[in-house]
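Here's a quick briefing on the structure below.

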Amino acid sequence: INDKGIKIIHLWEDDWLYKRDIVKSILLNKLGMVENRIYARKCNIVKLNITESKNFFNINHIQGWSKSNITYGLLYNNQIVSAMSFGLRWINSKPEYELIRFCNVLNTSILGSASKLFKHFLKENSVDKIISYSDISHFTGDVYEKLGFYNAWRSKPNYWWVVGGIRKHRFNYNKKKLTKEGADPNLTEVQIMQSFGYFRVFGCGQEKWIYTNNNNLLLVKFLIKLLK
């Protein structure tokens with residue numbers, strides 16, 4: 001949202017070419033034009049296996065599936081209509097969870113789905129803190145605020161390399177990997193990739209969100225205020 005209160009959505013050519021149904025669904029939701037509406041209270045919560053999680057997010061999420069430890073879904077009329085996944089990593093010998101993916105089935109609004117899935121995760125798992133990231137080019141992050149997350153910071157614009165007409169994550173082409181494959185070590189990542197005929201496109205960056213239990217709430221607010 002810009003300073004005039006206008007929501008801006010950036011659409012990428014490769015998403016339009018290869019994920020058009022997902023892009024259309026996002027736009028319809030933003031415009032409030034989705035006709036299919038389901039109340040989350042009418043859905044049952046189920047735990048999804050890796051195959052179910054992959055299939056759901058690859059079909060319905062603009063970024064596709066990403067590795068996770070836990071995925072919960074909402075079942076309605078024997079169909080998965082919403083899902084939320086979490087990943088676990090260890091920081092200073094303590095577990096820290098990340099909310100990795102959340103979305104509803106295409107062209108459908110599941111009222112209360114994020115809240116129901118997130119509350120179930122908190123009930124089933126003992127956690128002190130959960131982090132997550134939202135892509136500024138597509139989303140405002142308002143769902144995180146509704147779940148009780150706090151906005152920690154906004155990153156600088158990120159970038160991808162366009163390879164074969166598709167944006168590829170820059171981590172796949174860092175200098176170390178490129179020189180290992182025979183590229184000139186005296187050149188930078190950008191110089192190497194441009195010598196191959198590839199070009200960069202820049203995004204809008206990400207926002208980091210933090211959820212914590214009540215015992216740490218005041219501390220998190222103070223740190224966020226201090227960092228800003």
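Three strands make up an open sheet here, in the order β10-β9-β11, with antiparallel pairing. Keep in mind that this is a predicted model.

**The sheet**

- β10 (166–169) and β11 (199–202) are the edge strands: each has a single partner strand, so one side of each is left without a neighbour in the sheet.
- Ignoring direction, neighbouring strands of this sheet are turned by 45° against each other on average.
- Strand β9 (residues 159–163) is joined to β10 by 4 bridges, and the two run antiparallel.
- Across that pairing, Val162 stands opposite Arg167 in β10.

**Charges over rings**

- Arg167 turns up again here: it lies over the face of Trp160, 4.8 Å from the ring centre.
- Arg41 does likewise with Tyr39, lying over the ring's face at 4.5 Å from the ring centre.

**Aromatic pairs**

- How many aromatic pairs are there? The count comes to 14.
- One of them is Phe86 with Phe121, a stacked pair with 3.7 Å centre to centre and 5° between the planes.
- This pair links distant parts of the chain, since Phe86 sits in strand β4 (residues 79–91) and Phe121 in helix α4 (residues 113–124), 35 residues apart.
- Are these two buried or exposed? Phe86 counts as buried because its relative accessibility is 0%, below the 20% cut-off.
- Phe121 is buried too, with a relative accessible area of 0%.
- Phe149 and Tyr211 make a tilted pair, because their ring centres are 5.6 Å apart and their planes stand at 50°, which falls between the 30 and 60 degree limits.
- Phe149 lies in the loop between α5 (142–147) and β8 (150–154), while Tyr211 belongs to strand β12 (residues 206–212), so this pair ties together parts that are 62 residues apart in sequence.
- Phe149 has 4% relative accessibility, so this residue counts as buried as well.

**The aromatic cluster**

- Which residues form one aromatic cluster? They are Phe86, Tyr97, Phe118, Phe121, Tyr144, Phe149, Trp209 and Tyr211.

Methods
Residues are numbered from 1 along each chain as its sequence is written. This is a predicted model: local features need pLDDT of at least 70, side-chain atom pairs count only at pLDDT 80 or more; totals for chains, interfaces and linings use all residues. Side-chain values use heavy atoms; hydrogens and water are left out. Rings of Phe, Tyr and Trp (its six-membered ring) pair if their centres lie within 6.5 Å; planes under 30 degrees apart count as stacked, over 60 as edge-to-face and the rest as tilted. Buried means under 20% relative accessible area, exposed over 50%, partly exposed in between (1.4 Å probe, protein chains only). A charge sits over a ring if NZ of Lys or CZ of Arg is within 6 Å of the ring centre and within 35 degrees of the ring normal. Two strands pair if DSSP finds at least two bridges between them. Axes are lines fitted to C-alpha atoms, for helices over the stretch in contact, and angles run from 0 to 180 degrees between N-to-C directions.
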